[in-house]
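Notebook open, viewer open. I want to jot down what I look up as I go.

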Amino acid sequence: MKLGFIGAGNMGGAIIGGIVKNKIAEASEIVVADASEAALNAIAEKYGVNVTLDNTEAAKADMLFLCVKPAVIYSVIEGIAEYVHPETVVVSIAAGQSIEKLMDAFGNDDLKLARVMPNTPALVGEGMAAVSPNDNMTGAETENVLRIFNSLGKAEAVSEKLMDAVTAVSGSSPAYVFMFIEAMADAAVKGGMPRKQAYTFAAQSVLGSAKMVLETGMHPGELKDMVCSPAGTTIDAVAVLEEEGMRNAVMKAMDACIEKSRSM
């Protein structure tokens with residue numbers, strides 16, 4: 001299967017890395033196009049893929065990944081639409097761009113298109129991706145897209161109507177988590193811990209806690225209760241978080257993210 005990529009940035013590189021590492025396709029079957037020769041040289045050296053400055057060369061693939069920003073995706077589509085084969089599966093990772101708008105840009109009602117929302121932890125193989133296929137895609141084609149994004153962490157098929165919620169809960173949420181880690185580390189530094197060590201302790205605690213949710217299948221509240229001993233230190237900290245409105249702040253932030261995604 002020949003794979004084409006337009007965009008050689010961080011996310012495009014992460015997807016290519018997952019594909020090559022997990023032997024989903026050979027590097028020789030991948031063609032990457034980008035306007036930056038330096039970016040192309042870097043990705044060719046790292047993964048051994050074919051590179052080109054011509055987007056139309058990448059567009060002739062069996063599966064085409066559009067790894068470009070929303071601001072430029074429609075000009076990219078305008079330049080490649082006539083070169084996309086009828087059986088090509090097009091995968092867009094452009095935030096906030098609906099299947100309907102993308103289909104209109106291609107001018108092809110029969111186009112096979114999947115809208116995907118990945119997130120930055122894909123760069124370290126721990127991403128979460130939502131895959132929303134259009135009605136022209138077969139089950140097997142959707143499974144192929146899921147297989148690729150599962151190589152970067154986890155991926156699930158979702159209805160497109162959930163994509164705004166996906167943006168808030170996984171697409172943008174690494175920023176919230178980074179802020180939480182930074183705040184915990186700052187408090188540890190205040191308590192006398194060296195900063196580098198504080199970041200390690202905070203980040204590993206978040207990683208381990210997330211893994212417990214995924215692997216035990218237990219409710220997060222139940223896992224929280226396991227840490228909160230009667231009259232212990234943790235319940236005092238939890239009480240302060242409740243008093244300061246941690247849950248409410250997170251929910252309001254995600255509501256704002258959802259509304260912004262809807263307006264794009």
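**Entry 1: what I am looking at.** I remind myself that this is a predicted model.

**Entry 2: helix 8.** I started with helix 8, which runs over residues 173–190 and has 18 residues. From first C-alpha to last I get 26 Å, close to the 26 Å expected at 1.5 Å a residue.

Next I asked which residues of helix 8 are buried. I find Ser173, Pro174, Ile181 and Ala185. Looking down the axis of helix 8, I see its buried residues fall within an arc of 115°, so they line one face of the helix. What do these buried residues pack against? They pack against helix 7 (163–171) and helix 9 (195–216).

I then turned to the face pointing away from the buried side of helix 8, and there I noted the exposed residues Met179 and Lys190. Past the end of helix 8 I checked Gly192, which has a positive phi, near 110°.

**Entry 3: salt bridges.** How many salt bridges does the structure hold? I have 9 on my list. As a reminder to myself, side chains of opposite charge can pair when their charged atoms come close.

*Lys60 and Glu57.* Here the closest N and O atoms of the salt bridge are 3.2 Å apart. Lys60 is partly exposed at 42% relative accessibility, and Glu57 is partly exposed with a relative accessible area of 33%.

*Arg262 and Asp164.* I get 3.9 Å between the closest N and O atoms of this salt bridge. The pair links distant parts of the chain: Arg262 is in helix 12 (residues 246–263), Asp164 is in helix 7, and they are 98 residues apart. I also wanted to know how each partner is classed. Arg262 is exposed because its relative accessible area of 53% is over the 50% cut-off. Asp164 counts as buried because its 17% is under the 20% cut-off.

Key:
Residues numbered from 1 in each chain as written. Predicted model: local features only at pLDDT ≥ 70, side-chain atom pairs only at ≥ 80, totals over all residues. Heavy atoms only, no water. Helix = DSSP H or I, 4+ residues; strand = E, 2+ residues; numbered from the N terminus. Expected span 1.5 Å × (residues − 1). Buried < 20%, exposed > 50% of the residue type's maximum accessible area, 1.4 Å probe, protein only. Arc of directions from axis to C-beta. Contact = heavy atoms within 4.5 Å. Salt bridge = Lys/Arg side-chain N within 4 Å of Asp/Glu carboxyl O.
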